[in-house]
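Let's take a friendly walk through the charged side chains of this protein. Have the sequence and the 3D view at hand as you read.

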Amino acid sequence: MANKSAGLAKFLRAPSLPPVRSGTAVVTGATSGIGELVARELVERGFKVIGTSRSPQKDQVNGIEMRQLDLGNPASIEAFADSIEGPVAVLVNNAGESQSGPVEELPLDALQRLMQVNFTGHVDLTQRLLPAMRAAGRGRIIMVGSMLGSFPLAYRGSYAASKAAIKAIAIALRREVRRFGIGVSVVEPGAINTGISLRRTKYIKSDGPYSAEFDTMITNLDANEAKGISTQGLVAELFKAIDDKRPSAFYAAGSSAPVAFSAQRALPLEIMQNLVHRKHGL
Ligand SMILES: NC(=O)c1ccc[n+]([C@@H]2O[C@H](COP(=O)([O-])OP(=O)(O)OC[C@H]3O[C@@H](n4cnc5c(N)ncnc54)[C@H](OP(=O)(O)O)[C@@H]3O)[C@@H](O)[C@H]2O)c1
């Protein structure tokens, strides 16, 4: 009987993992928004923090050691991974491109770049850092996805697909590495007021058939982000994946995440999709 209930508890709960309170932390995309704040908080907590940028302006910023990394360039990923000494305790795969455009008009090279930056590049970096993490027998890997990975939206198809892909592979990786003491979690931000709207790439023909609806969606998206939750709110949620003894597979904050995920479980898909699109003026 005792064996049976121990087996049930194991089935129902996330596994207990070794704590990660010190060592080296790597945060990709540490020059602004979520990555910058996560990196600063890790410095506060006494980690040796390596942050990345495609073009670092200084070697050190606020105690963060800055190194060059372009996730769109496999050679840059290899050079960066080779520069890391010893095992990484915390890896935050945060850097990303926010792309938009109707599927019909997305240039194939832009789509491939996005998948490389938001998906393949993170997997490549993780693969390179994992052997030392396994040998150390502890670590936390956080993939920063997006709620659009769970709630795809018109004119954000490529971005939603890249975030759905990182979520799926993270869940698989989580099961593969937990016996080595390594936790893997996906953090899905909703609308977070980081200014990412200003950095979004857009592919739209101004005289094409999608332009009016695209503009409506972008206007609503930008407005949602401007009144989104603070970066601090999201980062507090992300730190649960580092601090929790039994980190969950999944964390989300912003865009009324608890309500949205409950509604997704309760409502028919068609209604849910209509609600998501209505929120963006469509
Ligand atoms: N803000 C939101 O509402 C929101 C919502 C859902 C998901 N997210 C996700 O959260 C993550 C952070 O978003 P954020 O709002 O903090 O964005 P952000 O302020 O624009 O920061 C993006 C970071 O990624 C880096 N980066 C961009 N392209 C890169 C590339 N090709 N290779 C390496 N680094 C690159 C940038 O650094 P450099 O320019 O210095 O290279 C920057 O530090 C992203 O993955 C984003 O998709 C954000």
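## Salt bridges in the model

The salt bridges in this structure number 12, by the rule that a Lys or Arg side-chain nitrogen lies within 4 Å of a carboxyl oxygen of Asp or Glu. Please keep in mind that this is a predicted model.

| Pair | N to O distance |
|---|---|
| Arg-45 and Asp-243 | 2.8 Å |
| Arg-67 and Glu-85 | 3.4 Å |
| Arg-200 and Glu-225 | 2.8 Å |

The side chains of Arg-45 and Asp-243 meet in a salt bridge at 2.8 Å, N to O. Because Arg-45 sits in the loop between H2 and strand S2 (48–53) while Asp-243 belongs to helix H8 (residues 231–243), the pair ties together parts that are 198 residues apart in sequence. Are these two residues buried or partly exposed? Arg-45 has a relative accessibility of 36%, so it counts as partly exposed. Asp-243 is partly exposed too, with a relative accessible area of 35%.

Next comes the salt bridge between the side chains of Arg-67 and Glu-85, at 3.4 Å from N to O. This pair links distant parts of the chain: Arg-67 is in strand S4 (residues 64–68), Glu-85 is in the loop between helix H3 (74–82) and strand S5 (88–93), and the two are 18 residues apart. Arg-67 counts as buried because its relative accessibility is 13%, under the 20% cut-off. Glu-85, at 46% relative accessibility, counts as partly exposed.

Arg-200 is buried, with a relative accessible area of 7%. Glu-225 is buried as well, at 12%. Which residues do salt bridges that share partners join into one network? They are Lys-48, Glu-65, Arg-67 and Glu-85.

## A look at Ser-32

Finally, a stop away from the charged pairs. You will find Ser-32 in the loop between strand S1 (24–27) and helix H2 (33–44). Its relative accessibility is 28%, so Ser-32 counts as partly exposed. From Ser-32 to Val-259 the C-alpha to C-alpha distance is 28 Å, and the two are 227 residues apart in sequence.

Notes
Residues are numbered from 1 along each chain as its sequence is written. This is a predicted model: local features need pLDDT of at least 70, side-chain atom pairs count only at pLDDT 80 or more; totals for chains, interfaces and linings use all residues. Side-chain values use heavy atoms; hydrogens and water are left out. Helices (H or I, at least four residues) and strands (E, at least two) are DSSP runs, numbered from the N terminus. Buried means under 20% relative accessible area, exposed over 50%, partly exposed in between (1.4 Å probe, protein chains only).
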